[in-house]
Structure formats: structure tokens, C-alpha cells
Amino acid sequence: MMHTVIANRTDMPADTALLPVYDQLPLTPVRGQGVWLWDADGRRVLDLWGGHAVAVLGHAHPLLLAALSNQASTLMFQSNALPLPIRDEAATRLVAFAPDGLDRVFFVNSGAEANENALLLALRATGRGRVVALEGAFHGRSAAAAAVSWGKHRQAFPQAPFGVTFVPRGDAAALEAALDGDVAALIVEPVQGVAGAFELGRDYLLAARELTRRTGALLVFDEVQSGMGRTGHPFAAQLYGVTPDLLTVAKGIAGGFPAGAVLATEEVTAGVGVGVLGSTFGGGPLACAMIIATLEAIVHGDLLERVREVSSYLRSVCRVGPVIDVQGEGLLVGLRTSVPAKEVVAFLLGRGILAGGSADPHVVRLLPPLVLRREHVDLLVDALRQMPLPQTLLVEP
Ligand code: PLP
């Protein structure tokens, strides 16, 4: 069957059945290994995008391959209606990885689904009807997650399923004013990902913790992008020393297999019984095997230490060519550029380096596998140096 040719799209086959909802880059990878991708012509590309923060262990990691094939040949799927030891093990290991006090787990399949359920739990636990969210936030595309996302996303549905108040990010006084007795939860990405790796900082997050505690609102950390070791700590919560009441995780949790989870305190989940939450695929055995393998590789390797080391190196050498500043935490990196980020991303891809954009037109975002090394950063720096710039924008190396 022939499909309509999509206007202005040279990167997709003319007869694709796919909806043209993604602005795609001109690279069709057919294979990946570690931090590298190859296309069908054998062209090798350094992957600093990591499948949008999913490939935390890089591509084709042997632990993930073994976990997937062992589990697939043992028990590929069973629902939550049947108890599975592997599901319990994945939950126990995730709790051990998370900040102290987040002792309860509900498994889902994606970041939006994790946030949807976290908000449901917060509204239910408090009996209140309003959520406070931050300008610049992105929490997903489903109804509740979109309602607390900034910009066009929150207008995607005709109305929000609960009251939402947006506050300017980083402004503790505005937050204090918004947190009245009707607010069930404040939802925050400790480092805003889609916004361009914008870090809210310890002081603001500590203030958010204190203010929510004082007003009886629950604090939800969306760590879909900042979690699973990306900041050089298990979660940004541990980096900043701020423990929320609920924490959501997805993307890299299973190293590339679709999975997500909501973590919560005993207090928040008291009274949550049969039928309150549900998901057919959430906590399936393949996902759980991949979650266990991912956690195993992070906890028992020196990965977190390496993230801290390589990310601090990256920050010390990347202010070259079009890059005027570096923001974010660990390997959730925003390169602020003097020219439009789109031009930098296109130039880098032409030099064999895959990077991404953000909601900020002057921030190139890097979400590389956590196995990145200094030599890969050097390749990025060399490429950035080679980018021709308008004479007035040249930055001294
Ligand atoms: N939360 C954050 C911080 C994200 O960055 C994303 C996706 O980019 C989501 C939630 C939504 O995750 P998913 O696309 O898995 O639904």
C-alpha cells in the first residue's frame, strides 16, 4: 500500500506507514556496540544521545544480552496476577539502589506511565486535588503527565484531570506562594532534561522539600532522565541529598528494554491494596531480568565513579567552538551554543557524532551511555573546534 509522501521530509521513506511525528536525523543505524553505532554502509558514529538516555550501559552489553536470552528461553511473560520471584528481586534491588525510605515499588512500562501513577498515588494519599509543576518541565504525553508538562504539551488534551499550577523554576518564594492547603504534590525533575539539562540545584530542592513537608504536599521527583546513574549517583536525589516521597524512573532502568517504576514511601502507599493500580506488561519477567542486569552492572562496576570523572573532564574541555557554557549534572549535559543548536547537531553528525537538541534552541543535549571515556570526549572537542563560525562568534579555546 502506498502512503502519502510527507512534505519536506527527505529522511523517511516516501511510502512509510509511520506518522511523521518525529523530526528525524539523517542516520539509520543497523548495529550498535558500546558507545558506537554503524549504519548499513559501515559508517561509524559516536553515540552521545544513547537512545534518549536509555542505553545507560551502551549497546550490546554482554550482561544485558545474557539476561535477555536466559529469561526469554525460561519464561518470557506472565502477568501480575501470578507471583514471580524475579519481580520481587527486581523490586528489592531497585529499593536498595534508591534513596533510603523509598521502600515500595510499582512497575510500569514508560516514564509517562510512571508519572501518571505517581500522581494518582499522591492525589489519593493526600485527598487533595491540585498539583504544582515547574515551568520548563516535561513529564510525558499521557493525560496526567502532559497536564504537568510546560508549553504545548499541557494543551494537548482539552482539560487537565486535576488542578495544576505552574511556578517559575528556581524561585522558592513563588513555590511557597503556590503551595496552599489544596496541593497534593509538587512534581519536579531535579535536572530538567527536555528543557536542556537545566539543573535546579541543591538549595532549591532543599527548599522544595522543606516547603512541601510544611504544607502536607508530597514531593515527587521525576528521575526518568536524571536517574539510573546518569548524574554519577544512583539518582539525583542522592547527589543532592534530598529524598522525595515518590520517585519515578524509566528510560535507562532496563538498559533498552521498555520498563519504568514508581518508588514511594510506606506512608504514601499505606492503604494501597488490590485494584488500586494496574498494568498488563509492567513488571514482566523480561523487563525485570533486564532491570536486575542493569542494576548489577551499575552497582558492581565502577560506572558511577567513571561518570563523575568523565563528566568533570567533559566540563573542563568542552567550551570550544560554538560552545559557550556547559550545564546539567554528570552525563545529562547541556552545551549552550552561540549558534542555533540545530546547526551544531547537524555539523556534529556530519563529523560522525550523534547529539540531540532540547526545548532551548541554543542548547545541544548529550545523554551518552555511561561507559563513555575521555577519548570519546576528545573526539567531540575536536569536532566542535572544526565547526566554522561567524567571525563575531569565535570563542577562544
Ligand atoms: N519524564 C521525563 C523527565 C522525560 O524526559 C520523559 C521523556 O523524555 C518522560 C518523563 C516521558 O517518558 P516516556 O517517553 O517513557 O513516556
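This talk walks through one predicted model, from its ligand shell to some of its helices and single residues.

Some ground rules. Residues are numbered from 1 along each chain as its sequence is written, and side-chain values use heavy atoms, with hydrogens and water left out. Because the model is predicted, local features need pLDDT of at least 70 and side-chain atom pairs count only at pLDDT 80 or more, while totals for chains, interfaces and linings use all residues.

Let's start at the ligand. Which residues come nearest to the ligand? Of the 13 residues around it, they are Gly-111, Ala-112, Asp-222, Gln-225 and Lys-251. A residue counts as near if one of its heavy atoms lies within 4 Å of the molecule or strand in question.

Now the polar atoms. A polar contact here is a pair of N or O atoms within 3.5 Å; within protein, one must be able to donate a hydrogen and the other to accept it, and residues adjacent in sequence count only if both atoms are side-chain atoms. Gln-225 puts a polar side-chain atom 2.6 Å from a ligand oxygen. Gly-111 uses its backbone: an N or O atom there lies 2.8 Å from an oxygen atom of the ligand. Phe-138 has a polar backbone atom 3.5 Å from a nitrogen atom of the ligand. How much of the ligand does the protein cover? On its own, the ligand has 390 Å² of accessible area, and the protein covers 82% of that. Accessible areas come from the Shrake-Rupley method with a 1.4 Å probe; for residues, only the protein chains shown count as cover.

What is the shell made of? Three of its residues are nonpolar, seven polar and three charged. The classes are these: Ala, Val, Leu, Ile, Met, Phe, Trp, Tyr, Cys and Pro are nonpolar, Asp, Glu, Lys and Arg are charged, and the others, Gly among them, are polar.

Which helix gives the most to this shell? Helix α4, residues 111-126, with three residues. Helices are DSSP runs of H or I with at least four residues, strands are runs of E with at least two, and both are numbered from the N terminus.

So, on to α4. This helix has 16 residues and reaches 23 Å from its first C-alpha to its last, close to the 22 Å expected at 1.5 Å a residue. That expected span is 1.5 Å times one less than the number of residues. Ser-110 caps the N-terminal end, with a side-chain oxygen 3.2 Å from the backbone nitrogen of Glu-113. Just after the helix, Gly-127 takes a positive phi of about 70°. The buried residues of α4 include Gly-111, Ala-112, Asn-115 and Leu-119. Buried means under 20% relative accessible area, exposed means over 50%, and partly exposed is in between, with a 1.4 Å probe and protein chains only.

Next, helix α2, residues 62-74. It has 13 residues and reaches 18 Å from first C-alpha to last, close to the 18 Å expected. Its buried residues are Leu-64, Ala-67 and Gln-71. In general, an α-helix has 3.6 residues a turn, so residues three or four places apart point the same way. The face turned away from the buried side of α2 carries the exposed residues Pro-62 and Ser-73.

Two residues have positive phi without being glycine. His-52, in helix α1, has phi near 65°. His-52 is partly exposed, at 26% relative accessible area. Lys-251 has a phi of about 35°. Lys-251 sits in the loop between β11 and β12, and is partly exposed at 23%.

Now two side-chain contacts. His-59 lies in the loop between α1 and α2. Is His-59 buried or exposed? Buried, at 18% relative accessibility. Its side chain makes a polar contact of 2.7 Å with the side chain of Asp-47. Gln-327, in strand β13, is also buried, at 11%. A polar atom of the Gln-327 side chain lies 2.9 Å from the backbone oxygen of Gly-196.

Last, two distances. Pro-388 is in the segment after α13, and is exposed at 65%. Pro-388 and Gly-321 are 67 residues apart in sequence and 8.0 Å apart in space, C-alpha to C-alpha. Asp-41 is exposed too, at 73%. Asp-41 and Glu-113 are 72 residues apart in sequence, and 37 Å apart in space, C-alpha to C-alpha.
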